[in-house]
Amino acid sequence: MSRNFDVVVIGGGPAGYIGAIRASQHGMKVACIDQWVNRDGSNAFGGTCLNAGCIPSKVLLESSELFHRAQHEFARHGIRHSGVTMDVATMQSRKASIVKQLTGGVAGLFKAGKVEGLAGHGKLLSGKKVEFTPISGKPEILEARYVILASGSSPIELPVARFDGERVVDSWGALDFSEVPQRLGVIGAGVIGLELGSVWSRLGAKVIVLEAMDEFLFMADRDVANEASKQFRKQGIDIKLGAKMTAAKVAGKSVKVDYLDKGGAQSLEVDRLIVAVGRRPYTDGLLADDAGVKVDARGFIEVDKECRTSAKGVFAVGDCVRGPMLAHKGSEEGVMAADLIAGEIAEMNYNVIPAVIYTSPEIAWVGKTEAEVKASGRAYKTGSFPFSASGRAKAMEQTAGMVKIIAAKDDDEILGVHIVGPMAGELISEAVLAMEFSASTEDLQRTIHAHPSLAEAVHEAALAVDRKALNFPNR
Ligand code: FAD
Ligand code: NAD
């Protein structure tokens with residue numbers, strides 16, 4: 001006998017579990033199936049984000065940043081100490097504890113919201129039936145009025161550098177090192193490469209990053225990317241651009257990495273190698289042949305702008321569909337799908353999804369880069385303000401970077417905001433809100449910002465767009 005639900009969600013990451021909770025807030029009977037198994041054999045909701053992505057990486061970034069500042073910055077404040085050491089085991093157990101609290105929190109939210117959390121594999125059959133196979137036990141058929149697919153993504157594995165979980169690892173492996181490698185190789189100067197490269201570099205590893213593209217952070221605004229590149233190099237991270245890995249071979253306790261650059265064939269030797277060359281949509285075993293859900297050539301589930309798939313009543317959200325692979329993008333899609341199922345009007349504004357890289361300095365942006373605005377043909381103006389002129393940034397001893405705003409010449413609409421500097425990931429929210437409300441730079445100029453605050457840099461950058469900056473000479 002099958003059980004009936006209003007909504008069955010397959011995948012309990014930030015896209016799926018948030019969609020499940022929102023559907024339950026609408027009074028619907030909801031089940032959320034997730035197959036995640038942690039290294040200790042336990043099941044946990046929260047997906048990549050909570051178990052092996054956003055959260056553990058930010059925990060390690062915080063710990064390593066404090067260690068780095070204690071070593072390199074405290075003396076300037078007059079704080080003397082007789083030597084700081086890092087206990088990697090304690091750092092890792094703090095990380096594990098935070099992950100456990102948050103994944104346990106999802107289970108608690110399910111209980112409170114009467115979402116039935118089911119640990120195991122979900123497969124969409126035809127007619128909105130879902131085959132649920134528990135971790136141990138027999139498969140059962142669930143019948144749903146609506147299904148939300150939220151199966152996420154997995155790291156891309158290169159045939160020339162197979163993961164062995166020990167010397168050649170993906171991002172999950174790199175979050176779990178039990179000691180600081182002396183020499184760390186990173187393939188890909190993308191978001192993961194920079195964040196995890198920073199963690200281990202701050203803890204003492206000599207980090208070499210190989211990036212196939214000639215341009216650093218090609219998706220970011222050039223001014224921001226150039227400043228970030230300068231800062232990372234100052235920190236001793238060796239980023240080699242135009243360097244394409246051709247082979248990685250483990251020999252004893254080291255890895256020999258071959259790569260090609262302008263100068264021809266090169267090689268280097270490291271103790272561990274992180275391969276972070278992107279992620280691919282994960283849909284293994286998700287869809288029966290007659291499920292009626294189309295998948296595109298790159299493996300993404302095809303959806304329209306409301307996240308509806310080609311099968312009636314079946315939605316798909318998060319990393320398994322087009323768009324940036326970001327937790328907050330997936331969560332908002334989950335909310336939209338649940339609201340649409342409940343008969344409400346709902347939409348996503350894909351133009352104002354913030355991106356944040358949690359390095360030091362942090363990098364954050366929303367909207368178009370200057371190059372994109374230029375290519376669009378719309379006349380524009382820009383303004384920027386350096387953190388070196390911010391009193392708060394000076395007090396924090398974090399003066400690298402700036403805020404840059406791009407606005408339309410005709411109606412002053414804000415088209416893009418790009419920040420590299422302290423707390424950029426927090427500061428960007430003001431820009432997101434402004435752009436969500438179609439604000440002009442004049443709206444930001446006339447908004448009172450607390451003094452002294454980092455947010456004043458956003459205010460001043462808005463003023464600088466019209467050459468009215470007050471605390472920095474206008475150019
Ligand atoms: P996932 O989180 O991948 O969850 C999908 C879930 O579905 C998994 O638990 C999986 O086991 C389960 N599943 C899959 N198929 C089935 C099936 N057939 N049956 C049952 N269960 C199934 N994003 C940010 O926004 N900010 C960050 O700071 C950030 N940091 C990151 C750091 C790292 C190291 C990594 C790897 C990623 C990071 N991301 C970050 C990206 C973020 O983790 C993803 O965008 C996000 O997790 C996607 O959410 P999702 O729900 O679509 O998929
Ligand atoms: P990415 O797409 O950000 O970067 C991958 C990089 O690897 C690219 O610059 C690419 O040019 C390079 N590359 C590809 N093949 C290569 C090769 N053979 N040799 C050298 N370089 C090569 O991917 P990622 O860093 O793996 O991250 C995956 C996803 O996870 C991202 O899309 C991101 O959205 C998400 N993520 C987000 C955050 C965050 O929001 N802070 C943090 C981590 C991950």
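## Surface and overall dimensions

The protein chain exposes about 21800 Å², and carbon and sulfur atoms supply 52% of that area. The model is a predicted one. Of the 475 residues in the protein chain, 52% count as buried.

The secondary structure of the protein chain comprises 14 helices and 21 strands. Its radius of gyration is 24 Å, close to the 23 Å that the globule rule gives for 475 residues, so the chain is as compact as a globular protein of that length. Taken along the principal axes, the C-alpha atoms fill a box of roughly 75 × 60 × 45 Å. With regard to contacts between residues at least 6 apart in sequence, 61% join residues at least 24 apart.

## The enclosed cavity

Rolling a probe the size of a water molecule over the atoms shows where empty space is left. A search of the whole structure finds one cavity of 30 Å³ or more. The largest cavity holds about 60 Å³ of space.

Several stretches of the sequence contribute to the lining of the largest cavity: Pro 155 and Ile 156, Asp 170 and Ser 171, Ile 192, and the run Val 275, Ala 276, Val 277, Gly 278 and Arg 279. By class, this lining has six nonpolar, two polar and two charged residues.

## The second largest pocket

About 580 Å³ of space lies in the second largest pocket. Its lining consists of 24 residues, and those nearest the pocket centre are His 68, Glu 73, Gln 231, Gln 235 and Ser 360. In terms of class, the lining of this pocket has six nonpolar, ten polar and eight charged residues.

Four secondary-structure elements each supply at least two residues of the lining of the second largest pocket: helix 3 (54-72), helix 7 (191-202), strand 9 (206-210) and helix 8 (222-234).

Thr 103 is located in helix 5, which spans residues 88-112. Is this residue buried or exposed? The relative accessibility of Thr 103 is 9%, and the cut-off for a buried residue is under 20%, so Thr 103 counts as buried.

When residues up to four places away in sequence are not counted, Thr 103 touches Ala 44, Phe 45, Leu 50 and Asn 51.

Notes
Residues numbered from 1 in each chain as written. Chains lettered and ligands numbered in written order. Predicted model: local features only at pLDDT ≥ 70, side-chain atom pairs only at ≥ 80, totals over all residues. Heavy atoms only, no water. 1 Å grid on protein atoms, 1.4 Å probe; cavity = no way out; pocket = protein on both sides within 12 Å on 5 of 7 lines; lining within 4 Å. Points joined across faces, edges and corners; volume = space filled by probe spheres on them. Nonpolar A, V, L, I, M, F, W, Y, C, P; charged D, E, K, R; others polar. Rg over C-alpha atoms; globule rule 2.2 N^0.38 Å. Buried < 20%, exposed > 50% of the residue type's maximum accessible area, 1.4 Å probe, protein only. Contact = heavy atoms within 4.5 Å. Areas by Shrake-Rupley, 256 points an atom, 1.4 Å probe, with all protein chains shown as cover.
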